[in-house]
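Here is a short report on one protein model. Look at the structure first, then read on.

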Amino acid sequence: MKAELDTLATALYVKTDDLLNASPRLAPWRPAVGVAPQLAEAELVTLAMMQAMLGFTSEAGWLRHARSHLRHLFPYSPEQPGYNKRLRKSADLLRRVTRLLATDTSVWSDDVWIVDSTPVECGRSRETVKPSDLAGWAEYGYCASHSRFFWGLRLHLVCTLQGLPVAFALTGAKADERETLLDPLASEPGLVADRPAQTLIGDKNYYGRSFEHELAERDIRLLRPTRKGEPERPGAPLSKPLRQVIESVNETFKGQLNLEQHRERTPGGVVARVMQRILALTAAIWHNDHTGQHVLRSLTAYDH
């Protein structure tokens, strides 16, 4: 609904503007001299979030829409080349705003996490793959849920039972899911330091004695389905219904946020486009949490 989306956009703008006023160094670097941008960084973040929320995969089409329908929110809309360039430079700012919103929710402290990865396809034809700047990072992988091979990346996501993103990583399609999960836990010890006896739910790919030992050292209990040849694992029957949560989150990324229609061919561009979508999902949950609405993983309430 238009009124709800306008309210969300305004709240995000104020939150981002307050963050940048308190910590100006978080804004992308700009030379001390020169013409000041007509679109403030907080406006850029809000514009990027709304593009993902409303499902526009074409930047040119999105900016035309903003000029025609969002003048009351954005008196100035940049041209497509400038918007694209600034968005790529703002990927880290999008990440910081996403974390700020996530920690400002009542569900951030949830004691159950769910982990999974989902393909981020970056090309299908050989003509696309061979000259791509993503070559060397993107690679061929297999998507078991859709029984197909793809060329691209994987988005690894840890979220709460309400679908709130807690940690994420973008890797090549063949990256080991277990090693990828352990990396953010090691680089951000604060994620689990204040969460004793955290429960983590994963699929059958998250297995291995040394892997589970490392999780146990961080006081994380792993629930996953029993693999063939293993004795029945405690809590294994619970893992399947609860894993539907992250399947729903992945479907939100693919269906409503058009994750695989990012249209980018450079590493910086793909990172920015993925961050747009994670920000959009987080912002929706944050806004619903603060307005007393049910914390939905679906974004249908904000569809135009």
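Helices here are DSSP runs of H or I with at least four residues, numbered from the N terminus. The model is predicted.

**Helix H2 and Glu43**

Helix H2 covers residues 41-53, and Glu43 lies in it. How far apart are the end C-alpha atoms of H2? They are 18 Å apart. H2 is mostly covered: 13 of its 13 residues are buried. After H2 comes Gly55, with a positive phi near 80°.

Now take Glu43 itself. Glu43 is buried, yet it has no salt bridge. A salt bridge needs a side-chain nitrogen of Lys or Arg within 4 Å of a carboxyl oxygen of Asp or Glu. For Glu43, the nearest side chain of opposite charge is Arg86, and Arg86 is 7.3 Å away. Which residues does Glu43 touch, leaving aside neighbours within four places in sequence? Its contacts are Tyr13, Gln38, Leu73, Phe74 and Pro75.

**Rings**

The whole structure holds three aromatic pairs. One of them joins Tyr206 and Phe211. This pair is tilted, with 6.3 Å from centre to centre and 40° between the planes. Tyr206 and Phe211 are both buried.

Two cases are listed here.

| Charged residue | Ring | Distance to ring centre |
|---|---|---|
| Arg195 | Trp108 | 4.9 Å |
| Arg227 | Tyr207 | 3.7 Å |

Arg195 lies over the face of Trp108. In the other case, the charged end of Arg227 sits over the ring of Tyr207.

Methods
Residues are numbered from 1 along each chain as its sequence is written. This is a predicted model: local features need pLDDT of at least 70, side-chain atom pairs count only at pLDDT 80 or more; totals for chains, interfaces and linings use all residues. Side-chain values use heavy atoms; hydrogens and water are left out. Helices (H or I, at least four residues) and strands (E, at least two) are DSSP runs, numbered from the N terminus. Buried means under 20% relative accessible area, exposed over 50%, partly exposed in between (1.4 Å probe, protein chains only). Lys and Arg count as positive and Asp and Glu as negative; His and the chain ends are not counted. Contact means heavy atoms within 4.5 Å. Rings of Phe, Tyr and Trp (its six-membered ring) pair if their centres lie within 6.5 Å; planes under 30 degrees apart count as stacked, over 60 as edge-to-face and the rest as tilted. A charge sits over a ring if NZ of Lys or CZ of Arg is within 6 Å of the ring centre and within 35 degrees of the ring normal. The expected span of a helix is 1.5 Å times one less than its number of residues.
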